[in-house]
Amino acid sequence: EQGCKMPCFFCIYIGGFRAFLLVTKRKLCYYKMIDILHNSKRIEEAVRMENSSFVIITGLSGAGKSNAVKVFEDMGYFCVDNLPAPLIPKFAELCLQSAGKVDKMALVIDIRGDLFLNDLNRNLDELRKMEIPYQILFLEASDEVLIQRFKETRRNHPLSPQGTVSDGITKEREKLSELRGRADKIMDTSRMKVSEFRTELRSQW
């Protein structure tokens with residue numbers, strides 16, 4: 001520099017140090033910006049999860065799961081019937097990553113997916129670890145009412161195709177007992193009319 005009495009190497013050293021500080025400052029600003037963006041995305045994701053609704057519909061055959069799905073569809077839920085349990089965490093993750101296009105989801109899990117029921121508790125625990133909130137709706141009815149409903153539809157029970165409907169109901173209650181214990185809401189539809197059932201679901205969700 002003009003008028004500088006210090007050796008040239010000292011000027012070079014000072015200039016380099018200034019450049020180093022400038023670069024460091026820019027790097028710090030860059031990393032701070034990255035951190036802000038990262039935190040912003042995490043906050044946005046947390047808000048999206050908080051505003052989302054993820055319901056797992058399950059329960060006894062003939063208790064009203066099909067009617068429940070229709071009600072949730074009318075309420076704007078994206079519904080999937082009988083999704084294999086191992087796919088539940090991935091399904092929830094994809095819906096939450098849809099940029100708000102799918103923020104209300106409902107899945108039907110029943111005895112037809114018996115092959116995957118043993119994995120269901122593990123998959124539900126995985127949802128908790130992923131911090132994805134969900135609710136389990138368990139539908140049931142008395143044996144007498146369920147038997148009458150099967151007679152009206154002339155269907156065999158899925159767990160007792162060659163036996164009695166009563167035997168199938170007993171087996172199903174046993175297989176779903178653990179899942180029932182995890183339910184957030186249990187609804188007995190024995191004495192409910194369809195209109196009452198719809199009203200009850202709408203009042204809860």
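Trainee: Which residue of E4 stands opposite Gly 59?
Mentor: This is a predicted model, in which local features need pLDDT of at least 70, side-chain atom pairs count only at pLDDT 80 or more, and totals for chains, interfaces and linings use all residues. Residues are numbered from 1 along each chain as its sequence is written, and side-chain values use heavy atoms, without hydrogens and water. Helices (H or I, at least four residues) and strands (E, at least two) are DSSP runs numbered from the N terminus. In E4, the residue opposite Gly 59 is Leu 139.

Trainee: Over how many bridges do E1 and E4 pair?
Mentor: Two strands count as paired if DSSP finds at least two bridges between them. Strand E1 covers residues 53–59 and strand E4 residues 135–140. Their pairing is parallel, and the number of bridges is five.

Trainee: Which strands stand at the edges of the sheet?
Mentor: The sheet is open, has five strands with parallel pairing, and runs in the order E2-E3-E1-E4-E5. An edge strand has a single partner, so one side of it is left without a neighbour in the sheet. That applies to E2 (78–81) and E5 (185–188).

Trainee: At what angle do the axes of H2 and H8 cross?
Mentor: H2 spans residues 65–74 and H8 residues 194–204, and their axes come within 10 Å. H2 is oblique to H8, where under 35 degrees is roughly parallel, over 145 roughly antiparallel, 65 to 115 roughly perpendicular and the rest oblique. The crossing angle is roughly 50°.

Trainee: Which residues of H8 make the contact with H2?
Mentor: Contact means heavy atoms within 4.5 Å. H2 contributes Asn 67, Ala 68, Val 71, Phe 72 and Asp 74. From H8 come Val 194, Phe 197, Arg 198, Leu 201 and Arg 202.

Trainee: How many residues apart in sequence are the parts that the pair of Phe 54 and Phe 91 ties together?
Mentor: Rings of Phe, Tyr and Trp (its six-membered ring) pair if their centres lie within 6.5 Å; planes under 30 degrees apart are stacked, over 60 edge-to-face and the rest tilted. By this rule there are four aromatic pairs. Phe 54 and Phe 91 form a tilted one, at 6.4 Å centre to centre with 50° between the planes. Phe 54 lies in strand E1 and Phe 91 in helix H3 (residues 88–96), so the separation is 37 residues.

How values were computed:
Axes are lines fitted to C-alpha atoms, for helices over the stretch in contact, and angles run from 0 to 180 degrees between N-to-C directions.
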